[in-house]
Amino acid sequence: MAQLSDRPSAPAGTPDLELLRKFEPVVYYTKGEQVYPAAVEHYVEDSTLWEHHPEGHDELLVKHGQMTMEKLIEPRPAVFGTIRYLRFIEPLNLAEAAKVLADQATLHRKLGSNFRPGVGRLARGGFLPRLADGLFSLSFLLRGHLPAADMAAAELDYNAIREEHPEHVYYGRVIRQAGWTILQYWFFYYSNPWRSGFHGVNDHESDWEMVTLYMYEQDGQLVPEWAAYASHDFHGDDLRRRWDDATDLTIENGHPVVHAGAGSHSSYFRRGEYQAEVNLPLPGWLAGLLQSWNKFWTETLGQPAGNAFHVPFVDYARGDGLRIGPDGAQGWSPVLVDESTPWVSQYRGLWGLFARDPISGENAPAGPMYNRDGSPRGAWYDPLGFAGLDKVPPPPQALQMLNANCQKVMQRQTELEKLVPEKAAELQVLGIRAKGMEGNPHLAKQYATLEKEILTLSNEVRALRRESSENSALLQGLTRRLERMQAGVQDHPQAHIRNPAVPDDPSETLRFDRAAETWAAVSLSLLLFVIAGLIFFAPHYIWAGLAVILMLFVTAESILRGAFVRTVGRITLILAMLASLILFIHFWKWIIVAALLVMGVSLMVQRLRELTG
Amino acid sequence: MKGGPMPRRKKSDKKKSPIAVSVIAVAIVVLFLLRLYQVYEPLIRQNFFQHGINGPLFSGWGLTPLGSDLLSSTTYLALSLAGIFVLIGFLRLRRWSWVLLMAWTGVSLVIALVDYFYSHANYAVMASNVTIAFALNIPDVQRIFGIRRDSNGAAL
């Protein structure tokens with residue numbers, strides 16, 4: 001059991017708002033962050049309300065200056081496929097776009113909040129991921145997306161509103177489920193300028209992020225046990241950390257510390273720069289083909305797994321910017337919400353522009369209670385399952401439950417110890433009886449019936465013995481765990497984590513920093529120039545030339561990244577596979593004949609060896 | 001059992017070459033011989049040994065047939081000699097020789113594939129290279145050359 005003395009606690013009857021305040025998180029932002037948690041009302045009042053109809057046109061429902069929280073939740077019947085959304089930034093013309101970008105630069109200078117990316121994200125990934133990144137960037141030509149000027153305008157408008165309403169708001173919710181008391185902190189941001197501001201994956205209007213704390217009750221006190229931070233679209237065990245996990249979770253005066261990603265506002269336990277990978281949406285047949293190839297590559301050829309179709313991005317959670325939280329200059333303004341809060345439960349639309357992005361990255365998110373398609377959000381209705389805690393009892397119950405489980409298994413084991421010998425003896429009796437019947441043709445019918453009975457009983461005895469053996473092993477495990485728990489020994493705080501988010505190691509620099517970064521910046525363009533040259537000067541050798549150039553680029557890259565050995569091995573292996581295919585196409589008959597001969601000779605040798613002893 | 005208990009087979013941690021190493025060594029020798037033929041064949045075709053260089057090597061920006069043959073002979077000679085150099089290191093189980101051999105096989109395969117698509121294919125060379133590439137990828141071979149150091153098989 002956890003040592004309670006070193007943990008903050010609150011009496012079980014503490015009012016919800018007080019409870020939320022007692023454990024509210026401290027959030028550290030990255031220098032250069034453009035927007036911070038704010039109240040929804042001012043955003044809504046400064047927006048327009050729209051509806052996107054299934055046939056493709058968009059309809060303005062509430063004009064600018066007329067929006068209110070009441071109008072947001074006004075019931076409006078709509079046909080299936082209709083998407084309701086708010087729009088914070090109205091379309092800008094060229095002059096307006098140029099002006100807001102210039103104003104944004106001025107604002108950054110004034111606030112001293114220019115963002116510096118440091119080692120570029122492109123240099124952190126390999127050449128092929130960079131190629132995928134190029135394709136991803138080109139995909140914005142086809143997908144709906146937000147212009148950078150819209151994000152700049154959102155930042156300017158946010159700052160203007162912030163001057164009048166400087167408070168930093170979180171929307172808190174307290175839920176009691178399966179013995180746990182759950183505190184959810186929802187943060188609303190005016191925009192998510194990750195792509196335009198911090199070289200990330202996407203931009204969208206508005207952003208909802210969430211931090212959850214899980215507490216159990218002991219001796220009339222609520223004690224925090226787990227903290228789970230929402231990070232992109234991840235969920236499950238990897239999201240949560242135990243309160244005593246000093247490696248990952250920092251506690252400041254009883255408040256958990258969150259490091260927010262710049263622009264993405266994704267929450268991290270440790271400060272640092274995180275590699276975020278986005279898989280390109282591939283057609284089903286290509287994804288299947290890729291999966292088969294990966295299986296062959298890793299299992300048959302024993303090569304490390306890799307995915308050339310992921311795009312590397314960096315989520316900067318440096319924590320060197322603004323700090324919001326208790327005991328500091330910038331505190332929180334909490335607002336209690338639940339299902340009865342009208343805007344939470346009655347507005348199912350998007351909280352910003354529906355950008356018509358088919359893969360949704362640029363479409364604004366829905367509110368805390370819903371997904372973009374209006375369906376209920378898992379983190380809202382199943383906060384335990386969200387962090388993989390639905391299978392974990394609160395610590396005080398865990399010991400009881402384990403004890404009860406042990407008793408149950410032991411009881412069954414005692415039953416089995418009696419039952420198995422009884423059934424086994426019964427089976428032997430039937431066996432003896434069957435033996436007695438043999439050689440008596442007039443007993444054939446009874447013998448057949450007895451045989452069936454023997455078979456059934458034999459299966460039953462086997463099943464009981466298996467159950468007994470399995471129970472014995474289970475009991476051993478349960479007893480050992482019970483002893484450990486009774487002695488106060490806890491699991492390792494990170495025992496539940498499979499794929500932890502770990503920041504890049506700052507000491508792990510590239511082999512030739514500057515050269516690698518320069519190469520990363522220019523290599524893709526250089527490749528395109530070389531291909532253009534190839535088409536112009538040597539059109540007959542285009543495919544071979546392309547393959548050779550690509551190999552040379554990948555090899556050059558591997559030298560800079562200190563991965564020459566691995567890369568050369570992979571390239572040669574791929575070439576060998578191509579050559580094998582060619583050889584098989586030309587000599588398949590010979591290859592099959594040779595294989596058959598080898599098999600024949602081998603079989604013959606084995607059989608002859610058996611024959612001659 | 002006659003003559004007392006059977007003596008236990010001795011086991012040692014001494015570096016031993018897997019069979020694949022011998023297979024690779026044989027393949028390198030075969031490749032050396034094949035490449036050697038590729039060195040001489042164009043020279044014989046051009047009567048190089050009778051008349052030496054008896055014509056221009058360049059025509060404008062391009063190569064003449066003689067120049068082209070001489071270039072390919074020189075390339076193959078370099079590849080053959082590199083093969084022997086690598087073979088020596090390989091038999092002595094040096095890490096650099098694995099890297100060099102893999103690179104050498106890669107280059108050799110590129111040439112073989114370009115030959116296949118654009119001129120005349122040399123299937124024997126291709127097959128030898130394929131054998132070497134796959135044999136070099138065997139985990140035991142990689143371990144003995146220090147390319148793969150872990151026990152769970154992840155490549156370095």
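1. Two residues are taken to be in contact if their C-beta atoms, placed from the backbone, lie within 7 Å. The structure under review is a predicted model. On that criterion, 27 residues of chain B are in contact with 21 residues of chain A.

2. The side of chain B that touches chain A may be considered next. The elements that give two or more residues to this side are helix H4 (95-118) and helix H5 (123-136) of chain B. The largest share, 13 residues, comes from H4(B). By class, this side of chain B has 22 nonpolar and 5 polar residues, with no charged residues.

3. Within chain B, helix H1 (residues 19-45) packs with helix H3 (residues 65-91) of chain B at an angle of about 160°, and the axes are 8 Å apart. Because angles over 145 degrees count as roughly antiparallel, H1(B) is roughly antiparallel to H3(B). The crossing of H1(B) and H3(B) is left-handed. The contact of H1(B) with H3(B) has 17 nonpolar, 5 polar and 3 charged residues.

4. Leaving aside residues up to four places away in sequence, Tyr190(A) touches Val35(A), Ala38(A), Tyr43(A), Phe88(A), Ala154(A), Tyr158(A) and Ser206(A).

5. Asp219(A) lies in the loop between strand S8 (203-218) and strand S9 (221-229) of chain A. Asp219(A) counts as exposed because it has 9 C-beta neighbours inside 10 Å, and the cut-off for exposed is 12 or fewer.

6. The phi of Asn253(A) is near 50°, a positive value in a residue other than glycine. Asn253(A) is placed in the loop between strand S11 (251-252) and strand S12 (255-260) of chain A. With 9 C-beta neighbours inside 10 Å, Asn253(A) counts as exposed.

Technical notes
Residues numbered from 1 in each chain as written. Chains lettered and ligands numbered in written order. Predicted model: local features only at pLDDT ≥ 70, side-chain atom pairs only at ≥ 80, totals over all residues. Helix = DSSP H or I, 4+ residues; strand = E, 2+ residues; numbered from the N terminus. Nonpolar A, V, L, I, M, F, W, Y, C, P; charged D, E, K, R; others polar. Axes fitted to C-alpha atoms, helices over the stretch in contact; angles between N-to-C directions. Parallel < 35°, antiparallel > 145°, perpendicular 65-115°, else oblique. Left-handed = near helix turned anticlockwise from the far one by under 90°. Buried ≥ 20, exposed ≤ 12 C-beta atoms within 10 Å, placed from the backbone.
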